[in-house]
Amino acid sequence: MITFTPFSGAARSSQTVPLAYLLQVDDIRILLDCGSPDWNPENIKTQSESGNGVTYPWQEYCDIVRKYAPEIDLVLLSHGDLAHSGLYAYAYCHWDLRAPCYTTLPVQAMARIATMEDVEGIRDEQEVDVEEVENNEAAAAEGMESSESRSPKLKNEPKKFVATVQEVHEAFDAVNTLRYSQPTHLQGKCQGLTITPFAAGHTLGGTIWKIRSPSAGTIVYAVNLNHMRERHIDGTVLYRPAAGGVFEPLARPDLFITDADRVNVVTSRRKDRDAALIDAISATLSSRSSLLLPCDSSTRLLELLVLLDQHWKYADFRFPICLLSRNGREMLTFVRSMMEWLGGTVNKEDVGVDGSGRTGGTRRRRGDEDADDEALGAFALRFKFLEFFPSPQSLLQTYSSKEPKLILAVPASLSHGPSRLLFSDFAAVPDNVVLLTSRSEEGTLGRILFDKWNNSQRGDDKWDKGRIGSNIMMDGAMTLKINSKVPLQGAELEVFLAKEKAAKDKEAAHQASMARNQRILEADEDESDEDSDSDSDEEDEVERALDESQMDTDEIPDAANGSPRKRKITKNEDDADWGLDIDEGLTKQLLSFDIYLKGNVSKATSFFKSAGGQTHRFRMFPYVEKKRRVDEYGETIDVGMWLRKGKVLENEADDEATREARRNQAEGETEAPREPPSKFVTSEVEIQLACRLLFVDMEGLNDGRAVKMIVPQVNPRKMIVVHAQAAAADALIDSCANIRSMTRDIYAPSVGETVQIGQHTNSFSISLSDELLSTIKMSRFEDNEVGYVTGRVASHFSSTIPILEPSGPAIPTPNANILHTPQILGSRPIQILPRSTMIGELKLTALKSRLASVGVQAELVGEGVLICGAGARRDQSSSSTQDTVAVRKTGRGRVELEGNVSDIYYVVRREIYNLHALVAT
């Protein structure tokens, strides 16, 4: 049985991102994608129904992911952007999402870069590790920061689930990477499942997941597809007209999960979109103005960079292309090492093929900062016009605000980071252009600007009508919240430094106490190592004496009233006993020798009785016979001593250069500039809009025409629609309903709604014996080998899995009631002939292709009839019909072969058999 539950990105939902779905196949729970929402939408607060609290867009989604994360058995990531993989790192480190995760190598790298860019940008502007706490004394006593150093609204904000950079690396290092078309047989609880990734287009390494289950059949998860070839990647393998339509391994699945976000969208031609983008950039730069192009940090940025680099070379521009990203250079380094995953026009440029056909792959470019000149992809993704800047301040230090330039800033949603900060200064300058290439998430500044542009277009020029709109002049005012980190000054700085000094003093005192205790323990260990242990009898005697000395209470006459009083003896860390509640004179009288004695305290009584019955105790110098400490393996080894000696030997083995480098490194770490004390503040900025705004669709996704054409050709038995608004989901369902051969089992669940498909089946594991396995005849069918087997199930004490062994001849019991059938004289007993089973579905087009390869001509006549042999030729004569064979499909699983017994008949029958898996019984 298959159970499907959308966590986010469901059908008939206004919030289509992020994407996260729970797919349960029998008892195996699979998480399909784990995207992150935008943590900084514009209108973030909405009052709850009760009016007592505040709800946030991501709360419900994060709560349900946190609830199911420990129960997940498998995680599959399809794309490397934040909408598909952004929350995985936090869930892995904080919510115990430790199930095996699989994806392709580029998705792992791109998701790591995108998540790092997002978390660094947010943590540089906001304090995210703050939960809603009450203002109690315990919280105030922690003293981590002064209340003045936080913004007033920070305490009321919920915790944003943003991981740290170290957690991002830890999570994505644990991801398992696969190649395209690489079937992987899972183990453990997921044993029996086979997952295979296929190219989805849209992003580098984007994946269509094919999941095969022995009980549930084939499941295909395909979201965010693009069948068109782009500049840096090829289209999806799901549909390729040049290859005959739908890719055969992905055709006719038992369940097809796909998105319908752009079913009602008609996308303009790529040639027109590229021309509109280039024309807008050229016109703006030629007029000595600048452009701001918000973009993502990993996936779709590559397509823009390749397009801009090609145009800069063609037009011989000298204007700079500035990329504001902390991890942009690292992203390109990753991509250059994965050239085998690229497609489009990049592969030709990689080997240095120019327009004349000459190869220049052995050329060297001088003055290149990159050290990978000989690496694969060094020429294709060089981008010599591209400059990297980690922050807007570094950009302004290099280029003034009046110089014309093209700025690519992250993120594309303009919710935080460099793009938002630049927009606050950029939008007030006339003739500047803000160029949008994606619609962004609902509620963000990027979506607000897109809606403003789209509503200003005429009816036929809107973005979803297949036209390229025109830029608009923005006017009016807009208020933005800008988050930033500012250094502490004045009284705040003094308070912070005082608290920091107090914390350091406290820590230093604690460390000194720990060091003193450690020295005492080490001294005790050294002395115990030097003093050998005595025999067991002597040890028992010493312990008894020690216990008696500890439990002993000596009566001491009180000088005032002559009544006796008791003295308590306590034991310190060094195992010496000290009288704590006696006077100094009594201490001198009782302890006559100041000799350190570990453990044993000799107890002696004077020969002469003193007046008043007072007894004296003296510390005596002990003598213990020295013996070596042994155990069942011989003399014991001091591991700590060997470790200390090992460090000494390592230091002595290092040469002078190594020791000097180590000292320099230590000095460099100590001399590293410390970040000044700072606080997070939120300010509201009012902007007078005066720039121009233009949108060009560069998302690289299928439009409605492609979706309505591809889905019927996939022809699934059942289908689930996700990632779509209500109108788009209903449009796809209505389109499929008009096709006779299309399934009627189409589901469009909302968030939290569960869809159950099929019935629950129990699967059992069984092991085949070597003797039985050697007798099985296997036939190949698609990706599997099928064979018929009969045997006897046996259990062995050495294995927990039952074993199927060959069944021996049946031995009739003497008391069995055997029914004797009357036999006719001279007749033979009835023999039951074995029958064979043919697995597969015959396609007449495939049969026609196979017959053509062996030299037999065939033509389709009518519906479901294939004429083979001489009858398929137009110049046939009446005598040639003897070599004609007709193949008919009369029903599901029924094929009729009609014709005379001839060579053509046997050839056609053999090819029909070859198209099936023949299982002999």
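Author: Two strands pair if DSSP finds at least two bridges between them, and the elements named here are DSSP runs numbered from the N terminus, helices being H or I with at least four residues and strands E with at least two. This is a predicted model, in which local features need pLDDT of at least 70, side-chain atom pairs count only at pLDDT 80 or more, and totals for chains, interfaces and linings use all residues. Residues are numbered from 1 along each chain as its sequence is written, and side-chain values use heavy atoms, with hydrogens and water left out.

Reader: How many bridges join strand 40 to strand 41, and which residue stands opposite Leu860?
Author: Strand 40 covers residues 858-860 and runs antiparallel to strand 41, with three bridges joining the two. Within this pairing, the residue of strand 41 that stands opposite Leu860 is Leu866.

Reader: Which residue takes a positive phi in the hairpin of strand 40 and strand 41?
Author: The hairpin leaves four residues between its two strands. A positive phi near 70 degrees is taken there by Gly862.

Reader: What is the strand order of the open sheet of seven strands, and which strands are at its edges?
Author: This open sheet has mixed pairing, and its order is 8-7-6-3-2-1-33. Its neighbouring strands are turned by 25 degrees against each other on average, with direction ignored. Each edge strand pairs on one side only, and the two are strand 8 (176-178) and strand 33 (755-757).

Reader: At what angle does helix 1 run to strand 1, and helix 4 to strand 7?
Author: Angles run from 0 to 180 degrees between N-to-C directions, and axes are lines fitted to C-alpha atoms, for helices over the stretch in contact. Helix 1 (residues 59-68) lies across strand 1 (2-8), strand 2 and strand 3, running at about 140 degrees to strand 1. Helix 4 lies across strand 7 (101-104) and strand 8, and its angle to strand 7 is about 100 degrees.

Reader: Which residues of helix 6 make the contact with helix 4?
Author: The axes of helix 4 (residues 105-123) and helix 6 (residues 165-173) come within 10 Å and cross at roughly 165 degrees. On the side of helix 4, the contact (heavy atoms within 4.5 Å) involves Gln108, Ala111, Arg112, Thr115, Met116, Val119 and Glu120. On the side of helix 6, the contact is made by Val165, Val168, His169, Phe172 and Asp173.

Reader: What covers the buried residues of helix 13?
Author: In helix 13, which spans residues 445-455, the buried residues are Leu445, Gly446, Arg447, Leu449, Phe450, Trp453 and Asn454. Their cover includes helix 12 (417-426), strand 20 (433-436), strand 21 (472-473), strand 22 (477-487) and strand 30 (692-695).

Reader: What is the bridge partner of Ala794?
Author: Three strands form an open sheet with mixed pairing in the order 34-38-37, with strand 34 (767-768) and strand 37 (792-794) as its edges. Strand 37 and strand 38 (residues 803-805) pair in the antiparallel sense over three bridges. In strand 38, the bridge partner of Ala794 is Ile803.

Note on methods: Buried < 20%, exposed > 50% of the residue type's maximum accessible area, 1.4 Å probe, protein only.
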